[in-house]
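Please read them with the model open.

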Amino acid sequence: MAHTAMSGTGTTAGDDPLQTAVWRLRSRACWADAAALIQPHAAGPALQRASLLVERCLYTEQGWAEAEDALRTAEALAQSDDERGAAACERGQLAYAATLLGVRDRADEARAALGRAAALLAPGAPGRALLDFRRGLLAENLAHAPQAARAAYRRAHAGATAQNNALLLSFTWRHLAGIALREGELAEARHGFAESLRIREELGYLVGTAPALASLADAETEPEASRLRAEAGRLFRLLGGVPLWLADQLTPAPPAATA
């Protein structure tokens with residue numbers, strides 16, 4: 001997700017008051033309110049506004065038209081390769097979200113947009129780690145290629161570490177842990193999920209804390225798993241049922257039928 005937590009984006013003391021306000025709204029699932037604070041007068045603000053509205057689509061399955069409009073504005077204002085690459089990365093994320101959530105199959109568009117971003121963003125560019133992470137999402141969830149996804153997540157993890165991008169690290173930890181869990185590596189999975197949760201709690205990223213709690217619960221034994229899942233459910237309800245896709249994960253499985 002673009003404009004993730006780092007110095008200058010509202011998550012540390014002394015940041016710009018506008019960015020602090022945007023972060024607080026974003027972290028509480030108020031993406032539209034956060035976007036309304038940003039005037040898209042140049043490529044940077046336009047990209048940040050678009051990224052907020054794209055994120056809202058993924059978490060709420062709503063606001064697709066607004067995200068498209070904001071993205072077109074960002075694409076029109078982009079002038080440098082970094083700006084054009086960042087806009088292409090957001091375009092790919094929006095197409096990925098639409099495909100993943102069953103709104104419309106835009107998988108080819110997602111791959112093309114992220115490929116375009118890869119051609120525009122230099123290896124050390126600020127947006128490269130985010131791009132690597134999103135390519136991992138495509139590999140894992142659309143191509144069903146866990147090994148390719150792991151490699152992309154590891155590149156993203158290294159880039160986020162180098163950039164001190166704490167929020168992106170919380171995502172890479174969580175997705176690497178998810179692959180480890182599916183492969184039966186419980187200790188590795190617990191560690192990754194716990195790191196993701198720790199970072200999100202430290203940042204005050206409330207909308208991402210419930211998913212982190214639920215993921216850690218999947219790697220824990222009882223009674224800790226039930227405690228974590230109950231806490232995730234409490235936060236989920238507090239935010240009005242966001243992220244929407246978490247509902248199924250928090251629903252207890254029905255008891256097995258007996259003869």
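1. Arg 56 counts as buried, because its relative accessibility is 16%; buried means under 20% relative accessible area, exposed over 50%, and partly exposed in between, with a 1.4 Å probe and protein chains only. The residue lies in helix H3. Helices here are DSSP runs of H or I with at least four residues, strands are runs of E with at least two, and both are numbered from the N terminus.

2. What does Arg 56 touch, leaving aside its neighbours within four places in sequence? Its contacts are Trp 31, Ala 32, Glu 61, Gln 62, Gly 63 and Glu 66. Contact means heavy atoms within 4.5 Å.

3. A word on the basis. This is a predicted model, in which local features need pLDDT of at least 70 and side-chain atom pairs count only at pLDDT 80 or more, while totals for chains, interfaces and linings use all residues. Residues are numbered from 1 along each chain as its sequence is written, and side-chain values use heavy atoms, with hydrogens and water left out.

4. Helix H3 (residues 43-60) matters for the next point too. The largest nonpolar core has 61 residues, and Tyr 59 and Val 207 have the most contacts inside it. Helix H3 gives this core its largest share, nine residues. A nonpolar core is a set of buried Ala, Val, Leu, Ile, Met, Phe, Trp, Tyr and Cys residues joined through side-chain atoms within 4.5 Å.

5. A second, separate core has 18 residues, including Leu 197, Ala 212, Leu 213 and Ala 232. Ala 194 lies in helix H10 (residues 186-203). At 34% relative accessibility, Ala 194 counts as partly exposed.

6. Now the whole chain. The secondary structure comes to 13 helices and zero strands. The radius of gyration is 18 Å, close to the 18 Å that the globule rule gives for 259 residues, so the chain is as compact as a globular protein of that length. The radius is taken over C-alpha atoms, and the rule is 2.2 Å times the number of residues to the power 0.38. The C-alpha atoms fill a box of roughly 65 × 35 × 35 Å along the principal axes.

7. Buried residues make up 52% of the 259. Of the contacts with a separation of 6 or more, 55% join residues 24 or more positions apart.
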